[in-house]
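Dear colleague,

Please find below the structure that I am handing over to you. A summary of the findings follows it.

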Amino acid sequence: MTPLVFFLFLISPKDSETFITRSARARKLYISCGPEKVLSLDQLPRIRHPRLIYPDEKSDFPIAVANNNTVPAGTIKNKVLELQLEVVWSDFYPESDKKPGLRMVTIKEKGKAPCVPAPLIRVKTGTKMHAVLHNTLKDSSATFFGLQKRPSSIYDSILLRPGETKEISFESGMAGTYLYWIKLGTHEPDHEEQQLGGAFIIDPKEGSPPDRVLVVNISSFPIDTSLFSNGYLESFTINGKSWPNTEGFTPSVGDTVRWRVINVSLRSHPMHLHGFNFTELSLGSALSDSVFKPGYEPMIVTQNMGGQSTMNMKWVASRPGSWLFHCHLSFHVTPEIRLPGAADLDPPNQSPHMAGLVVGINIKPGPCDLIAKGPARELSLYTYQYLPGKSPRNGYSLSPEFKRDTNALSTPGPLLLLRQYQPTFVRVTNRMEVPTSVHWHGLDIDSWADGVPDWSASDGKMSPSIQPGENFTYKLTLMRPGTYIYHSHLNDAHQIASGLYGPIIVLRENQTYDPETDHVYIVGWKTSNIKSFEDIVMNGTSQQAPKNARVGETHRLRLINIQPADDIKIRMEKDSMPVPVKFIAKDGTDLPRLQQTFLKESAFFGVGETADFEFTPLKAGIYDLKVIMVEGVYFWNQKWIVTD
Ligand SMILES: [Cu+2]
């Protein structure tokens, strides 16, 4: 099977992407695996790309500005919101305000600058709305979706031919977090033009507590040159900017932060918050929103947001320091997705290790909520590289004794079995030829120990890039018993992909660990130069050793997804029929009792998510545990032999 065909199958069927954009993304995944550099503009071919803005060029197009979603569009006249939206060509700069840029169609309010994301529509429930829509394009139709009453199960679309203007009237409908978007008639199958969409928020009559709206947009255009290895000119933005130019947030300790996160793009984004649990208040789509009942609100650190989905979340800034909220899909945060010329903006001799869908949070100095008690524990962890070259294989070890050439070393890193509240110091020694850093994913932790190099900082200390041969000691705080991950947070697309990840179990203060009944299933890649499904491994291998169990005995299954991309789900079977497992925890937090339910099969979990299940066989026999990426095509199977 060729790599391309392989990746076409690898995309999970729950993705709402079209087949065409899926295949585009598949190629992107494959192509962007190499350790390539972003080109500067003068390295590009002499024939200019129609989408790229060249610095020496005069342009008549208006500049599309970054929209921070704080000022709603339109004006209220006679209790009716009057909206005037135009579809226009524009120049858009996702990084600095001058370069690099893309020429593309955007949406503007009449009399204002065009913007990405599209103008914020924010009204109260029951508001009457009147919109005048104008398509200024000379050669393309533009179809609006989502300018209609909520909730709805079907789209009401408005098609505008080139030059056409139309008027519509509708009522806002039920309170919630929604989106609207435009499809261009000339939309090329390989193009993604999801800059053409924005937030549609409906507040309840009494209003909403203060919040911020964060909108994810993607624009992507093929570039046909062997020089530009990414194969696409792309912008990945949150409120119209890419990291490190995204807006930073600066709450004070004790503030409750409320965000409505809206994924206008058609791709999935597992959105991850560093250092804190967040509470999910609602999950929705362009047309409907589901609010969690009090007591049923998930407390998590990562939400895998599907294409055109919305999330209303809140969290408490209970600790000072520098933190991140970002997409955990390595290919949406790697510097390799930056536009040609982006590197020209970097400070001398510095290149960022992240880009795209990342926002920074700086919580002002103040008290810290962490608890540590009992005697301290010290651990040593070593990184190593055992397949040198362009696609290295890396890993973690608790032992300094290893040989570079041995094949016995495998991914993932060793299980770190830690205890709630015990102050735990981990000294990481870097035995690789490149710098690295370790992030303790999901833990409530001091910022300086959070592991984003040259960013995580508190108490006058900062997480460094650990240079070859050097070490750094992280202090772990262990507030909640559960399942977590440690992984590199430097050059993720290569380091996580080449094996720098491992599982963490935090035990309750008096809990004993029994490996016979407590099982980790961690899925990751073993090389960044992935060629087939064999390069994606569960517990470091593609063949799973059988397990033994007794009737009536309860086993804990801890599922961890730390691939650079793609989702997984879990199912237990007996005689090809599903045997329900109990979903008990997510991202290290136990679900409230009422939410702990038996599932014939789990939902799909995205990158950076952990989920715990209980399995109690009631009959003797042979069972099959399946961890599935694509049903019937890509999955791991483990035999369970259950006896009386
Ligand atoms: Cu993403």
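**Overall architecture**

The protein has three helices and 47 strands. Please note that the model is predicted. Of its 644 residues, 60% count as buried. The accessible surface comes to about 25,300 Å², and carbon and sulfur atoms account for 54% of it. Among contacts between residues at least 6 apart in sequence, 75% join residues at least 24 apart.

Are C327 and H332 buried or exposed? C327 is buried because its relative accessible area is 0%, under the 20% cut-off. H332 also counts as buried, because its relative accessibility of 2% is under that 20% cut-off.

**The nonpolar cores**

The largest nonpolar core consists of 94 residues. Within this core, the residues with the most contacts are W259, W315, F325 and W440. Strand β46, which covers residues 621-630, gives the most to this core, namely five residues. There is also a second, separate core of 28 residues, including I107, L133, A142 and L160.

To return to W259: leaving aside residues up to four places away in sequence, W259 touches R212, L214, F249, M311, N312, M313, W315, F325 and I361.

Yours sincerely,
A colleague

Key. Residues are numbered from 1 along each chain as its sequence is written. This is a predicted model: local features need pLDDT of at least 70, side-chain atom pairs count only at pLDDT 80 or more; totals for chains, interfaces and linings use all residues. Side-chain values use heavy atoms; hydrogens and water are left out. Buried means under 20% relative accessible area, exposed over 50%, partly exposed in between (1.4 Å probe, protein chains only). A nonpolar core is a set of buried Ala, Val, Leu, Ile, Met, Phe, Trp, Tyr and Cys residues joined through side-chain atoms within 4.5 Å. Helices (H or I, at least four residues) and strands (E, at least two) are DSSP runs, numbered from the N terminus. Contact means heavy atoms within 4.5 Å. Accessible areas come from the Shrake-Rupley method with a 1.4 Å probe; for residues, only the protein chains shown count as cover.
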